[in-house]
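The exercises below concern charged side chains and how they pair. Work through each task with the model in view before reading its solution.

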Amino acid sequence: MNRRLTLTALLLAAPALASTAGAAPGSWRGTINMAAADYTPNFPGVKKENQLKVFQQIADEYEKRYPGIKIRFYTQPIPDTNTMIRVKAAAGELFDVYWAQAYSLNSTLPRGVAADLAPAFKQPNPYVPGNKAWQDVMDKAQLAEGRNANGAVYTLSGDKVAYTIFYNKDLFKKAGVTKVPTTWPELIAASKRLNAAGIFPMHAVPAYPWWSRHFLTDFYSKDYAKLTGYDGLPGQSPLDEAVAIHKGILTPKDDRFMSWWPVMKQFTDTWPKDYLTADPAKNYDAFQDFVGQKEAMLYEGSYKVREMLDAGVKFPVGAFNFPKLSKNESRHATGVNTANAYSGTGGFQFAMSTPLSNKTMREKGKTEAVLDWMRFFGTPRNLQRLTAEQGTYAPTWPGTSVRLALSNFDSGAITTQIKLPERSIGAQNASANLGWVDMQRIFGLYLSGNITLDQAKAQAQTVLDRAAQDYARKNKVDLSKY
């Protein structure tokens with residue numbers, strides 16, 4: 001069977017998957033391979049007291065229920081997930097279930113590496129008592145935000161990561177910073193004091209998709225309903241983004257869109273220049289610098305707490321959230337708390353491979369069995385068990401509760417922002433390279449002093465116009481109808 005015929009067979013099989021909701025795994029027997037990323041149990045090299053065990057327990061429960069089926073977790077580091085997916089899929093050897101960003105599957109990764117789970121989400125999950133549609137137990141906004149323009153959903157998503165500013169308490173004390181910053185002027189003052197003491201305040205790539213959401217969610221807060229409502233679904237989708245760009249709202253034509261760049265430059269002017277124009281992948285180096293006490297602050301996700309534990313960090317670590325902005329920083333500031341504006345889906349974000357990307361999925365009945373395994377671990381009860389043990393992600397499904405387990409780390413800032421209403425506005429997903437590549441490049445050039453703000457605006461307008469046009473062309477959407 002050639003590759004085109006195989007893909008056709010997969011597409012024809014999708015409705016059949018949906019009709020097997022109550023049939024358990026069927027008659028197929030064998031091994032299901034899963035790359036569970038941050039939820040991987042018994043990961044080699046991790047101290048015994050920090051080992052995760054719950055996913056293995058869930059797998060044991062499944063194997064006991066269905067003798068002959070084995071669940072095998074991949075326990076090697078995957079430094080670059082997207083590269084791994086491309087390489088293994090090209091060879092037809094992708095994992096049966098694997099962690100992947102919904103954003104990447106909807107944009108940068110090739111079609112055919114993941115199965116469309118939307119039909120299955122509309123069917124009952126037999127492992128949730130009384131359930132009529134699996135998607136009824138999920139977070140509706142998260143489900144909408146992960147949806148492809150063609151309606152496909154490639155990931156089972158159930159948690160979120162909180163982004164905060166970690167700080168080294170010893171280095172703050174050494175520099176004479178006695179108060180944790182709660183305002184923008186206090187953040188700038190603390191950075192200058194650290195600099196004066198010979199300590200790098202922050203040493204990182206200023207990730208545009210992360211920082212921009214704090215400012216844009218504030219400045220556009222009065223237009224939130226409009227900017228998230230073009231598609232009729234909760235949250236800001238790529239379609240919402242493309243329409244707002246087309247209308248000149250999320251572009252430099254609207255003063256709110258880039259007026260925060262000089263404000264951010266006040267902060268980055270206190271950083272070393274090494275990373276300002278670097279690829280965001282270099283942020284891993286920034287983490288190493290923080291662990292090595294070469295910088296005082298680290299803007300990162302809550303998952304870094306577990307990595308700090310694994311790295312044996314001994315110095316005291318605290319955290320504070322992105323501060324509220326005032327009219328003193330920008331006339332567009334509305335005073336909205338945007339601490340949680342960048343808080344995307346975290347470790348519970350799993351895709352299922354296809355017969356095209358994984359040759360073993362061509363075995364009769366295996367696709368149905370793998371989907372059944374996803375239904376088994378994809379219940380609110382198991383999501384609660386997994387997130388409670390992992391301790392750095394917040395479950396998002398109704399009925400679940402946040403139980404951070406962060407050892408001696410002061411989790412107050414993260415706990416506070418998790419309780420905030422979810423609001424997030426950005427301009428990064430309308431096309432494959434928009435946020436992390438094109439806007440990131442312009443942002444870095446401006447912050448490093450290589451181009452002026454006017455030059456940056458001209459370049460950004462070109463990039464954004466192209467992104468909206470690409471979105472309309474690829475998805476056959478007339479943006480002028482919105």
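**Salt bridges in the predicted model**

The structure holds 12 salt bridges, a salt bridge being a side-chain nitrogen of Lys or Arg within 4 Å of a carboxyl oxygen of Asp or Glu. The model is predicted, so that local features need pLDDT of at least 70 and side-chain atom pairs count only at pLDDT 80 or more, while totals for chains, interfaces and linings use all residues. Residues are numbered from 1 along each chain as its sequence is written, and side-chain values use heavy atoms, with hydrogens and water left out.

**Exercise 1.** Locate the salt bridge between Glu422 and Lys160, and work out which parts of the chain it ties together.

*Solution.* Begin with the contact itself, in which the two side chains meet at 3.4 Å, N to O. Helices (H or I, at least four residues) and strands (E, at least two) are DSSP runs, numbered from the N terminus. Finally, consider accessibility, where buried means under 20% relative accessible area, exposed over 50%, and partly exposed in between (1.4 Å probe, protein chains only). Glu422 is partly exposed at 47%, whereas Lys160 is buried at 11%.

**Exercise 2.** Determine whether Asp254 and Arg256 are buried or exposed, and which network they belong to.

*Solution.* The closest N and O atoms of this salt bridge are 2.8 Å apart. Asp254 has a relative accessibility of 15% and counts as buried; Arg256, at 16%, is also buried. Asp223 joins Asp254 and Arg256 in a network of salt bridges.
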